[in-house]
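This report goes through a single protein chain, one topic at a time. Please keep the sequence and the structure in view while reading.

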Amino acid sequence: MWLLFAIITTLSWAFSDLFYKKGAVPSDKTSHLKTAIMVGLVMGLHGFLYMVTKKVEFSPLYLVTYFPVSFMYILSMTIGYLGLRYIELSISSPIQNSSGVVTALLIFFFFDHTLSWMEILAILTITLGVLALALVEKKEADLLPLSPQEKKKYRTGLFAILFPIVYSIIDGLGTFFDAIYLDELQLIGEDQALLAYEFTFFLCALLLLLYLRIKKEPFSLLKQKDRGLAAGFETLGQFFYVYAMARNAIITAPLIASYSVFSVLLSRIFLKEKLNKPQYASIITVLSGILLLALSEVL
């Protein structure tokens, strides 16, 4: 079932990217904090309901045990939200999700893994598709005739590109730690890892709410529709992500990293943006890699 879980995560996070894009407000200096608050609140609510309905035993010590992983994920996500003030999601998302390559390489070098030729080919194909999309999106952005206001909103220079690059490194390390905790050394159970992450994010959301209150920044839950939907899809993806990582981390990481490709596709569908031939080619490449993974599981 790990492949199905990974695909559900990929699609869920693609939808969350779509609503992150819709909810980003470049003129609001606290936009990234408000997004993080919504994700934390939704995750906290889901964690509580899941713990109660499934009667999962959870000790606060799990928050400490899993904190290195939670910290990496929350930090990378907040950097990603901040980066949306300076760079378009269609450019940043593929770069961010090169983190799957970082994770797969770290797992391969630090742990003993044997992959079939089909699995290796699938990983390379998915990675190639994601990186190709990043290059295509960057080239498209450079050709756009931007007004002075748009140039101020979206910078495509080194400063803007740093955000997704830093995200990919930190998120890649976080996913590597996750692989150690859930798959390689099995330091924590899947349910406990899920709850530890969601409750940690919830605590961060409460701290950020307090910060906004101190700074007298307005924040209304009723005005967070897009951020709320993004948080819902983020939480849904996280739920299945934990179980996929616990079963086959070295392949799950680069597979889930392809959600940026589906994010671009959804942006074209729902935001009426057009796809060009190179973008279609990138999407087809990633889909071919996913099909290879499915075949490798069957065979």
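At which residues does UniProt place the feature "transmembrane region"? The unreviewed UniProt entry gives residues 32-51, 63-84, 115-136, 157-182, 194-214, 250-271 and 278-296. The model discussed here is a predicted one.

## Two of the annotated spans

Among the spans in the UniProt record is 32-51.

Residues 63-84 are another span from the record. Here the model has 91% helix and 0% strand, with 29 Å between the end C-alpha atoms.

Helix α2 covers residues 31-54. With 24 residues, α2 reaches 34 Å from its first C-alpha to its last, close to the 34 Å expected at 1.5 Å a residue. Val52 has its place in this helix. With a relative accessible area of 45%, Val52 is partly exposed. Together with Leu45, Phe48 and Leu49, Val52 forms a nonpolar patch on the surface. The accessible area of these four residues together is about 390 Å².

α2 is followed by Lys55, which is found in the loop between α2 and α3 (61-65). Is Lys55 buried or exposed? Its relative accessible area is 72%, so Lys55 is exposed. The phi of Lys55 is positive, about 55°, although this residue is not a glycine. Most residues other than glycine have a negative phi.

Gln186 is exposed, with a relative accessible area of 58%.

Gln186 and Ser99 are 87 residues apart along the chain, and their C-alpha atoms are separated by 22 Å.

Ser99 belongs to helix α6, which runs over residues 99-110. α6 has 12 residues and reaches 17 Å from its first C-alpha to its last, close to the 16 Å expected at 1.5 Å a residue.

Which residues in α6 are buried? They are Ser99, Gly100, Thr103, Ala104 and Ile107. Seen down the helix axis, the buried residues of α6 fall within an arc of 135°, so they line one face of the helix.

## Salt bridges

How many salt bridges does a search of the whole structure find? The search finds two. Side chains of opposite charge can pair when their charged atoms come close.

One of the salt bridges joins Lys34 and Asp28, with 2.9 Å between the closest N and O atoms. Lys34 is buried at a relative accessible area of 8%. Asp28 counts as buried as well, with 17% relative accessibility.

Glu190 forms a salt bridge with Arg247, and the closest N and O atoms of this pair are 2.4 Å apart. Glu190 lies in helix α10 (residues 190-214) and Arg247 in helix α11 (residues 225-256), so the pair ties together parts that are 57 residues apart in sequence. Glu190 is partly exposed at a relative accessible area of 22%. Arg247 is partly exposed too, at 47%.

## Distances along and across the chain

Ala246 is found in helix α11. Its relative accessible area is 10%, and Ala246 is therefore buried. Although Ala246 and Ala179 are 67 residues apart along the chain, their C-alpha atoms are separated by 7.0 Å.

Thr285 lies in helix α13 (residues 277-298). This threonine counts as partly exposed, with 23% relative accessibility. What separation do the C-alpha atoms of Thr285 and Ile180 have? They are separated by 29 Å, and the two residues are 105 residues apart along the chain.

Conventions
Residues numbered from 1 in each chain as written. Predicted model: local features only at pLDDT ≥ 70, side-chain atom pairs only at ≥ 80, totals over all residues. Heavy atoms only, no water. Helix = DSSP H or I, 4+ residues; strand = E, 2+ residues; numbered from the N terminus. Expected span 1.5 Å × (residues − 1). Buried < 20%, exposed > 50% of the residue type's maximum accessible area, 1.4 Å probe, protein only. Arc of directions from axis to C-beta. Patch = residues over 30% accessible without salt bridge, like charges linked within 9 Å, V, L, I, M, F, W, Y side chains within 5 Å. Areas by Shrake-Rupley, 256 points an atom, 1.4 Å probe, with all protein chains shown as cover. Salt bridge = Lys/Arg side-chain N within 4 Å of Asp/Glu carboxyl O. UniProt positions renumbered as here; feature names shortened; annotations may be inferred.
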